[in-house]
Amino acid sequence: MQCTLLGTGDVTGVPAPFRALDDAGAAARRRRPGLLVETDEATVLFDVPPEFREGVRDRGVRSLDATFVTHWHHDHVGGVDDLSLSARADVVADDLYRTPTAGEHFHREKPYLADRFDEHDLAHGEPVTVADVTVTPIPVSHDRPAFDALAFRVETDDATLLYAPDFETWCPDMPGGDDYRNADLAILEATSVVAPHMLDDLAPREDPVADAAAHRTVLVHLNEHLLARDTATVAADVADQGYELGTDFETYVV
Ligand SMILES: [Zn+2]
């Protein structure tokens with residue numbers, strides 16, 4: 001399995017609107033978050049960020065077998081209009097996997113796209129198979145208490161990937177909520193590692209990144225403007241804790 005980071009930024013991306021990379025000491029752009037997974041038999045997109053087409057083009061991808069959505073926030077689905085055009089032209093498969101909550105947001109915000117996708121409800125802990133890939137939705141806590149957000153466990157015969165680009169805590173007591181440990185590669189939101197003070201209003205808990213105990217961990221969903229630290233400083237901090245800092249279009253072989 002190969003996976004490529006389509007974006008490693010947060011809701012604004014880096015540089016943020018009306019800002020420059022130098023303002024934040026950022027070494028490179030951070031687009032909004034998405035992940036492309038390629039196996040022997042399938043190409044799968046996780047989230048549809050506004051800039052997803054740039055990474056897909058960089059990777060030379062010419063088709064998709066399915067798209068999965070972690071949650072319905074603009075930075076994760078702002079490219080869905082573009083994807084719908086490719087689906088309508090039969091360039092890519094129109095299978096869109098999302099939670100019922102995300103489906104409600106989708107239909108309320110974009111009723112004109114209602115017939116463009118073959119939508120499938122995801123249920124916590126219930127795996128979906130796409131060719132040689134098994135994708136299991138894991139409930140996570142993110143933003144609003146009742147907001148339905150997911151991580152994904154992505155598996156082939158010989159590799160396990162954990163993708164949780166935007167979350168605050170695991171939800172081990174929910175159905176399917178404890179299936180996040182011991183992946184070969186975990187791509188996880190960086191905030192609990194690089195800016196834990198931002199999460200101080202949450203209940204004390206074990207660091208969710210350490211708790212995932214992945215063999216290798218790459219951190220994403222960060223913003224040098226917001227952190228007020230340049231890329232090199234953040235990367236050194238992350239490395240001190242045994243993790244890696246993600247960069248856009250980086251590809252990992254799992
Ligand atoms: Zn979000």
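Which residues are buried in helix H9 (residues 231-240)? In this predicted model, the buried residues of H9 are Thr-231, Val-234 and Val-238. They lie on the same side of the helix, because the arc they cover around the axis is only 65°. Ala-232 and Asp-240 are exposed, and they sit on the face of H9 turned away from the buried side. The cover over the buried residues of H9 includes two helices, H6 (191-194) and H8 (224-227), and two strands, E13 (216-220) and E14 (244-245). Just after H9 comes Gly-242, with a positive phi of about 90°.

The zinc ion has four protein donors: NE2 of His-71, ND1 of His-73, NE2 of His-142 and OD of Asp-166. These donors lie 2.2 Å from the ion. Along the sequence, the donor residues follow the spacing H-x1-H-x68-H-x23-D. The angles subtended by the four donor atoms run from 91 to 171°. Four donors count as tetrahedral if all angles lie between 85 and 135 degrees. Because the angles around the zinc ion reach 171°, the arrangement is irregular. Two of the donor residues can be described further by their accessibility. His-71 is buried, its relative accessible area being 1%. His-73 also counts as buried, at 13% relative accessibility; the cut-off for buried is under 20%.

The aromatic residues were examined next. A pair of aromatic rings is described by the distance of the centres and the angle of the planes. The structure contains nine aromatic pairs. One of them is formed by Phe-46 and Tyr-163, with 6.4 Å from centre to centre and 65° between the planes, an edge-to-face arrangement. Phe-46 belongs to strand E3 (residues 43-46) and Tyr-163 to strand E10 (residues 159-164), so this pair ties together parts of the chain that are 117 residues apart in sequence. Phe-46 and Tyr-163 are both buried. Another pair, Phe-167 and Trp-170, has ring centres 4.5 Å apart and planes at 45°, so it is tilted. Phe-167 is buried at 4% relative accessibility, and Trp-170 is buried with a relative accessible area of 8%. Phe-46 and Tyr-163 also belong to one aromatic cluster, together with Phe-68, Tyr-97 and Phe-152.

Two arginine residues were considered. Arg-98 is located in strand E5 (residues 95-98). With a relative accessibility of 8%, Arg-98 counts as buried. Its side chain makes a polar contact of 2.7 Å with the side chain of Glu-119. Beyond its neighbours within four places in sequence, Arg-98 is in contact with Val-69, Gly-103, His-107, Glu-119, His-120, Asp-121 and Leu-122. Arg-31 is found in the loop between helix H1 (21-24) and strand E2 (34-38). Arg-31 is buried, with a relative accessible area of 10%. When residues up to four places away in sequence are not counted, Arg-31 touches Leu-6, Gly-7, Thr-8, Gly-9, Glu-51, Glu-54, Asp-248 and Phe-249.

Not counting residues up to four places away in sequence, Ala-66 touches Thr-43, Val-44, Leu-45, Asp-95, Tyr-97 and Val-130. Tyr-97, one of these contacts, is a member of the aromatic cluster described above. Leu-85 is partly exposed, with a relative accessible area of 47%. Between Leu-85 and Phe-106 there are 16 Å in space, C-alpha to C-alpha, and the two residues are 21 residues apart in sequence.

Key
Residues are numbered from 1 along each chain as its sequence is written. This is a predicted model: local features need pLDDT of at least 70, side-chain atom pairs count only at pLDDT 80 or more; totals for chains, interfaces and linings use all residues. Side-chain values use heavy atoms; hydrogens and water are left out. Donors are N, O and S atoms within 2.8 Å of the metal (3.2 Å for Na, K and Ca); water is not among the atoms, so sites may look incomplete. Four donors count as tetrahedral if all angles lie between 85 and 135 degrees; four count as square planar and six as octahedral if opposite donors are over 155 degrees apart and all others between 65 and 115; anything else is irregular. Buried means under 20% relative accessible area, exposed over 50%, partly exposed in between (1.4 Å probe, protein chains only). Helices (H or I, at least four residues) and strands (E, at least two) are DSSP runs, numbered from the N terminus. The arc is that of the directions from the helix axis to the C-beta atoms. Contact means heavy atoms within 4.5 Å. A polar contact is a pair of N or O atoms within 3.5 Å; within protein, one must be able to donate a hydrogen and the other to accept it, and residues adjacent in sequence count only if both atoms are side-chain atoms. Rings of Phe, Tyr and Trp (its six-membered ring) pair if their centres lie within 6.5 Å; planes under 30 degrees apart count as stacked, over 60 as edge-to-face and the rest as tilted.
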